[in-house]
Amino acid sequence: MPGLGFQISRPAAFLAEDLAAIHIRCWQQTYGAIVPCHILARTSLAEQTAKWQIILADPSRIVFFASTHEGELAGFIVAGKPTEELFDGIDGHIAALYILPAFQRRGLGRRLLGAVAQDWIARGGKSLALGVLAQNQPARLFYESLGARLVRTGTYEWDGFPLDDAIYVFENLAEIAEGLLLQITP
Ligand SMILES: CC(C)(COP(=O)(O)OP(=O)(O)OC[C@H]1O[C@@H](n2cnc3c(N)ncnc32)[C@H](O)[C@@H]1OP(=O)(O)O)[C@@H](O)C(=O)NCCC(=O)NCCS
């Protein structure tokens with residue numbers, strides 16, 4: 001079974017800096033060929049850690065991380081209510097989903113998404129939307145393979161730099177949550 005050497009957990013506050021560090025690494029590795037490097041270089045570890053401290057202190061956020069049984073972080077997902085009205089009828093938003101390259105294609109993205117789907121259903125949610133850079137084809141294929149529906153293409157401004165983006169919606173949350181082998185530790 002793919003991903004069985006890993007566990008999916010909810011992070012404690014002390015992990016803010018570790019999550020910030022892999023967040024920055026994932027950005028650089030994912031967007032190096034898409035986003036100008038001076039924009040990627042703007043984010044410091046201290047700034048990103050401060051953002052993660054706010055995320056981890058907010059009970060309305062759903063956060064899970066994947067790690068090896070030895071404790072090495074492999075990836076994470078952040079979701080919750082949309083901070084702005086994304087679409088009529090869409091009640092949830094996946095704000096970030098990143099797996100370090102060394103751990104991709106082992107089923108961790110699917111399991112993290114499933115953990116969020118399960119939690120969002122438990123909170124009464126029905127759907128989850130997300131934005132992805134249009135050129136990020138591997139991520140688009142991942143979302144599409146799990147049943148996401150493309151609802152809009154447009155432009156996303158990253159620090160004032162315009163980038164083509166695509167908005168997807170998952171309405172098959174029960175299906176995504178169901179297909180999982182979850183090992184969530186409190
Ligand atoms: C996109 C991402 C989250 C997917 O997570 P993952 O753990 O690598 O994907 P999974 O192993 O769970 O894949 C599940 C299914 O999605 C599809 N899929 C995943 N990656 C794919 C790729 N690169 N190309 C085509 N299909 C892909 C496959 O159908 C796969 O099932 P299979 O491996 O049995 O064929 C991960 O690769 C990642 O973090 N990428 C870099 C960061 C990023 O782009 N994040 C999204 C920002 S919006």
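User: What makes up the pattern of the protein, read along the sequence?

Analyst: Read along the sequence, the order is β-α-α-α-β-β-β-α-β-α-β-β-α-β, and the protein has six helices and eight strands, where helices (H or I, at least four residues) and strands (E, at least two) are DSSP runs numbered from the N terminus. This is a predicted model, in which local features need pLDDT of at least 70 and side-chain atom pairs count only at pLDDT 80 or more, while totals for chains, interfaces and linings use all residues. Residues are numbered from 1 along each chain as its sequence is written.

User: Why is strand 4 called largely enclosed by the rest of the structure?

Analyst: A residue is buried if 20 or more other C-beta atoms, placed from the backbone, lie within 10 Å of its own, exposed if 12 or fewer, and partly exposed in between. Six of the eight residues of strand 4 are buried, so this strand is largely enclosed by the rest of the structure; of the 186 residues of the protein, 28% count as buried.

User: How do you know that strand 4 pairs with strand 3 and with strand 5?

Analyst: Two strands pair if DSSP finds at least two bridges between them. Six bridges join strand 3 (residues 73-80) to strand 4 in an antiparallel arrangement, with Ala79 opposite Ile94, and two bridges join strand 4 to strand 5 (residues 128-133), which run parallel, with Gly92 opposite Leu128.

User: What makes the crossover from strand 4 through helix 4 to strand 5 right-handed?

Analyst: The term applies if, with the strands pointing away from the viewer, the path from the first strand over the helix to the second runs clockwise, and the β-α-β crossover from strand 4 through helix 4 to strand 5 is right-handed.

User: Which residues come nearest to the ligand?

Analyst: A residue is near if its C-beta atom, placed from the backbone, lies within 6 Å of the molecule; of the 20 residues around the ligand, Gln104, Gly109, Arg110, Pro138 and Ser145 come nearest. Helix 5 gives the largest share of this shell, five residues.
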